[in-house]
Amino acid sequence: MYEAIVIGGGPGGYVAAIRLSQLGKKVAIVEKEEFGGTCTNKGCIPTKAMLTASHLFTEINEKAKKFGILVDNVSYDLSLIMKHMQKSVTMSRKGIEFLMKKNKIDVFKDKAILKDKNTVLLENSGQEIEGENIILAHGSVPVIFPPFDQIEGIWTSDDVFKMEKMPESILIIGGGVIGVEFATFFSSFGVDVTIVELAEHILPYEDSDVAEEVKKALKKNKVKIIEGEKVEGVEKKNEKYIAKVAGKEIEVEKVLLAVGRRPNISEDIKSLGIEIERGVKTDKHMRTNIDNIYAIGDIRGQIMLAHVAMYEGIVAAHNIAGEEIEMDYRAVPSIIFSNPEVASVGKREKEVDREKVNIYKFPVSANGRARTMEEKLGFAKVIEEKETGKVLGVTIVSANATDMIMEGVLGVKYEMATEKIAEAIHPHPTLTETLLGAFEGNWAIHI
């Protein structure tokens, strides 16, 4: 009998398995497809590989001459972009497979079915394996709903990674993270892009000023953005799609449904009596209502981010090993690989009582390093609690924002005072000085 069986080899599952092995446990992991889950195979890694190509294409076209670099007849080859994407996926996947061997984890490439709280049936081989504890890490699947599920050829994010030809035009339904990232990619290569977002503004979980900066960049690439409206219907006609939005018709070559993902909850989980609220419900130790069964990652239907799944896997592993560790979600970074990038952590401006906080913003345009890079859009924003001076939230809209946010994560997690962070000497000239300017607040030097 294994001390733990992990079902699912995505970011949460493989990290949990490795940590359990490091803690001296006998571990098995069951994965029916490829290691890395959605993130490695159909999400984070392929998307960022493609966006890296699109960002470079944009840099060459828009900035090369300003830097004294003369490049004529710049073009692209989609097949080579997709080859780069697939190479990134393969290398990440093989890295995880190597870690399984290195940590002496028994791997079963099969579909797992829960027979009872200690027994897992491997559907294809018919083998049964037993575990003292089980971790559910089944991940998620793209959301597709009527009438779109009845229309031939509608894309989800999974389908973009299989494309062989760049469309001339595309309608993206959903202006959240997935929609904005794909709009950034397609528009960079001259595709006629339209985004339709039901909420008041794109990136609805971020503040409106963040959305406005991203909109400026997208509109520069001629992206049409329709907010506060829904797609009333889509009809396929003569290899084109006709969408109805706000009483008007939009004709496009492709339609991408980018309205998020839902937990992948199989019937065996339901029949076992595991409690479900949107996703599998757990406590802060990652335990379900069945005390030896844990759930981590997207299957919980909560914060569906790879880095959250990874840490949930670590927490589950330590609790299985007999420690009492709880998840802390106060300082979860959210990142968007738009151009400019967006990163945020902690409270957003729309979530706080303006009477009880100070809000400081520093523009990217006032940063010396940004000027050398010809970067003008964006800002850093810090939300400070008036009474204590503690950092409650940080948002960055800037080139390399996704790499800079850790300063904010540490500030929020450890309840640091903004003035203490501002006392740290920041290297010059760097984009992190944009953050310094925000942390300096009313004492900012360079504005």
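Analyst: Ground rule for names: helices (H or I, at least four residues) and strands (E, at least two) are DSSP runs, numbered from the N terminus. This is a predicted model, with pLDDT of at least 70 needed for local features and 80 or more for side-chain atom pairs, while totals for chains, interfaces and linings use all residues. Residues count from 1 along each chain as its sequence is written, and side-chain values use heavy atoms, leaving out hydrogens and water.

User: Where does Asn238 sit? And why is Asn238 called exposed?

Analyst: Asn238 is in the loop between strand 12 (231–237) and strand 13 (240–245). Its relative accessible area is 71%, and exposed means over 50%, buried under 20%, partly exposed in between (1.4 Å probe, protein chains only). So Asn238 counts as exposed. Asn238 also has a positive phi, about 55°, although it isn't a glycine.

User: What makes Asn400 partly exposed?

Analyst: Asn400 comes out at 37% relative accessibility, so it gets the label partly exposed. Asn400 sits in the loop between strand 24 (391–398) and helix 11 (401–404), and it too is a non-glycine with a positive phi, about 65°.

User: Why is the pair Phe161 and Phe182 called tilted?

Analyst: Rings of Phe, Tyr and Trp (its six-membered ring) pair if their centres lie within 6.5 Å; planes under 30 degrees apart are stacked, over 60 edge-to-face, and the rest tilted. For Phe161 and Phe182 the centres are 6.0 Å apart and the planes are at 50°, so tilted it is. Phe161 lies in the loop between helix 5 (157–160) and strand 9, and Phe182 in helix 6, so the pair ties together parts 21 residues apart in sequence. Both of these rings, Phe161 and Phe182, are buried.

User: What makes Phe57 and Phe189 a tilted pair?

Analyst: Their centres are 4.9 Å apart with 35° between the planes. Phe57 belongs to helix 3 and Phe189 to the loop between helix 6 and strand 10, so this pair links parts 132 residues apart in sequence. Phe57 and Phe189 are both buried. Nine aromatic pairs exist in the structure, and ring pairs join Phe57, Tyr76, Phe161, Phe182, Phe185, Phe186 and Phe189 into a cluster.

User: Which residues does Phe186 touch, leaving aside neighbours within four places in sequence?

Analyst: With contact meaning heavy atoms within 4.5 Å, Phe186 reaches Trp155, Val160, Met163, Met166, Pro167, Ile170, Val191 and Val193.

User: What makes strand 4 an edge strand?

Analyst: Strands pair if DSSP finds at least two bridges between them. Strand 4 (112–116) has four bridges to strand 5 (residues 119–122), running antiparallel. The open sheet has the order 4-5-6, and strand 4, like strand 6 (128–130), pairs on one side only.
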